[in-house]
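User: I'd like to go through the labels on this model and see what backs each one up. Can you take me through them?

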Amino acid sequence: MKSLAELNKEASEIQLEMRKLLLNNYNIDDGIADKLIVITTITNMRTKLSIIQREIRIRSSE
């Protein structure tokens, strides 16, 4: 089981990666396929982030 510090660090890393993807991938030259890959990646990262944040909330309230 991961500690709260590890979970918070992992959540922060995911949020940073999401920001990088969103800020760097809005170029006019990108094709629709590239944009769909970014959207799919962000969706998967948001799912993982929500799971981690839920675990942090549960463990913090104990």
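Analyst: Contact here means heavy atoms within 4.5 Å. Not counting residues up to four places away in sequence, I52 touches L7, E10, A11 and I14. Two ground rules: this is a predicted model, where local features need pLDDT of at least 70, side-chain atom pairs count only at pLDDT 80 or more, and totals for chains, interfaces and linings use all residues. Residues are numbered from 1 along each chain as its sequence is written, and side-chain values use heavy atoms, with hydrogens and water left out.

User: Why does I52 count as buried?

Analyst: Buried means under 20% relative accessible area (exposed is over 50%, partly exposed in between; 1.4 Å probe, protein chains only). I52 has 6% relative accessibility, so it counts as buried.

User: Why are α1 and α2 called roughly antiparallel?

Analyst: The axes of α1 (residues 4-24) and α2 (residues 32-61) cross at roughly 155° and come within 9 Å. Helices are DSSP runs (H or I, at least four residues), numbered from the N terminus. Axes are lines fitted to C-alpha atoms over the stretch in contact, with angles from 0 to 180 degrees between N-to-C directions. Over 145 degrees counts as roughly antiparallel (under 35 roughly parallel, 65 to 115 roughly perpendicular, the rest oblique), so α1 and α2 are roughly antiparallel.

User: What makes up the largest nonpolar core?

Analyst: Such a core is a set of buried Ala, Val, Leu, Ile, Met, Phe, Trp, Tyr and Cys residues joined through side-chain atoms within 4.5 Å. The largest one has ten residues, including L7, A11, I14, L49 and I52. Its largest share, six residues, comes from α2.

Note on methods
Helix = DSSP H or I, 4+ residues; strand = E, 2+ residues; numbered from the N terminus.
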